[in-house]
Amino acid sequence: MNFDPADHALWRPYAQMKTTPPALPVLSAEGVRLTLADGRELIDGVSSWWTVCHGYRHPHIINAVKRQLDAVPHVMLGGLTHDPAECLARRLAAIAPGDLNHAFFSESGSVSVEIAMKVAVQSFINRGLRGRTRFLAFRGGYHGDTLATMSVCDPEEGMHTMFAGAIARQLIADLPTDADRIDSLDALVSDHIDTLAGVVVEPLVQGAGGMRFHDAATLQALRDLCDRHGLPLIFDEIMTGFGRLGTMFAAEKAGVTPDIMTVSKALTGGTLPLAATLVSTRLFELFWDEDPGKALMHGPTYMGNPAACAAANASLDLFEHEPRLAQVHAIEAMFAALLPTARDFPGVVDVRWQGAIGVIEMASLPELDVLKACFVDAGVWVRPFNNIIYLMPPYVISAEDLTVLIDTTLRVTEGWARRHFS
């Protein structure tokens with residue numbers, strides 16, 4: 001395909017604008033369905049980049065946002081405050097594991113990770129320890145697209161390899177999944193301890209790096225490593241937070257508490273941009289001082305936007321009053337019952353699931369744009385990437401719609417696999 005640049009005022013994400021097929025205009029969204037401008041309906045199998053946990057246009061969230069817009073759409077948090085942000089911070093502190101009692105708000109997941117990194121670095125500066133500016137992160141990891149967060153993504157397999165030289169050089173290692181790796185990681189940290197400010201990991205599932213799973217023992221090994229060496233442990237729960245794995249947070253499921261945790265995506269139920277960096281009291285106290293130079297000098301213009309905070313508070317209401325975690329367990333049971341069929345398809349490397357995440361890993365996915373179009377033609381919104389086909393539906397999806405979504409995904413995948421791998 002070859003388009004005229006003048007026809008593309010909107011620059012789309014992760015797309016070579018000259019060759020990528022035109023985007024599909026969405027006319028409306030309701031529950032788990034997207035209605036396209038041409039009248040077609042698609043079951044959303046990926047929750048709009050993993051955000052729409054309660055389904056589209058849940059009336060409780062919509063009404064909360066409308067009420068807030070009528071009162072205070074936005075007000076700066078510099079010198080002012082408002083109840084939605086104060087309330088949300090308290091509620092997040094109450095449900096977060098351990099002593100993650102302090103919430104710093106921002107507008108995106110990437111920025112929340114940047115803030116986590118900034119907190120970690122400054123926690124050493126505030127103790128008079130300079131030079132602790134680097135981070136340990138892991139192969140297969142993904143933490144965002146901003147300059148600092150690109151540096152802690154997988155440097156080889158990620159989408160940011162072209163920026164080598166423009167971003168900070170971090171320590172990248174294999175996750176400590178066995179005794180040898182634990183020992184190697186300990187030695188690596190010991191060798192660089194004078195420059196390290198923290199450890200960053202996606203707990204239990206590495207998302208955009210390929211939906212790779214690891215276990216609680218891996219996270220406990222990282223907790224022990226950080227405790228031995230006096231390093232903050234940062235959990236990036238932007239994907240896993242708010243029920244995706246069957247508990248409110250992956251940290252809860254793993255039984256491991258970090259020093260800093262970042263959340264976004266499902267925080268507002270997929271309505272408005274909002275993220276939070278949750279920090280332990282122990283670290284927060286390093287900023288609690290009469291010296292203004294020890295304050296955290298960060299302040300996104302729209303941080304704690306009242307409408308977004310109202311949406312997030314309404315989303316938390318739904319977790320309290322509707323059976324979201326039970327719905328996630330039901331989705332997991334359906335994945336366990338139906339997805340294993342794909343193991344017999346040609347080209348399939350692995351089939352796995354956890355909570356409301358189901359994954360079919362292929363040897364490769366040639367002609368990816370054509371495959372995406374096949375899913376649309378079959379009536380589902382499924383967005384394979386790299387070599388994986390995955391499902392992360394809204395938690396409220398009915399058993400009937402989930403069966404259709406899984407069966408359709410299997411049917412399209414099998415046909416694709418037999419054409420390309422038989």
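Author: Let's start with the spacing: the C-alpha centres of domain 1 and domain 2 lie 28 Å apart. The domain assignment gives domain 1 as 26–57 + 323–419 and domain 2 as 72–321, with bounds that come from an automatic or database domain assignment. Bear in mind that this is a predicted model, where local features need pLDDT of at least 70 and side-chain atom pairs count only at pLDDT 80 or more, while totals for chains, interfaces and linings use all residues. Residues are numbered from 1 along each chain as its sequence is written, and side-chain values use heavy atoms, with hydrogens and water left out.

Now for the interface. 26 residues of domain 1 touch 25 residues of domain 2, where contact means heavy atoms within 4.5 Å. The size of an interface is often given as the accessible area lost when the parts come together. Here the buried area is about 2200 Å², and carbon and sulfur atoms give 63% of that (accessible area, with a 1.4 Å probe, that two parts lose on being put together, summed over both). On the domain 1 side, W50, H54 and Q354 supply 29% of the area buried against domain 2, more than any other three residues.

Next, the helices (DSSP runs of H or I, at least four residues, numbered from the N terminus). Helix 2 (residues 59–71) packs with helix 10 (residues 306–321) at an angle of about 150°, their axes 8 Å apart. Axes are lines fitted to C-alpha atoms, for helices over the stretch in contact, and angles run from 0 to 180 degrees between N-to-C directions. Helix 2 and helix 10 are therefore roughly antiparallel, a label for angles over 145 degrees. Helix 2 gives H60, I61, A64, V65, Q68 and L69 to the contact, and helix 10 brings residues including P306, A310 and L318. By class, that contact has ten nonpolar, three polar and one charged residues (Ala, Val, Leu, Ile, Met, Phe, Trp, Tyr, Cys and Pro count as nonpolar, Asp, Glu, Lys and Arg as charged, and the others, Gly among them, as polar).

Then there's helix 13 (residues 399–421), whose axis comes within 11 Å of that of helix 11 (residues 324–338), crossing at roughly 35°.

Note on methods. Helix = DSSP H or I, 4+ residues; strand = E, 2+ residues; numbered from the N terminus. Parallel < 35°, antiparallel > 145°, perpendicular 65-115°, else oblique.
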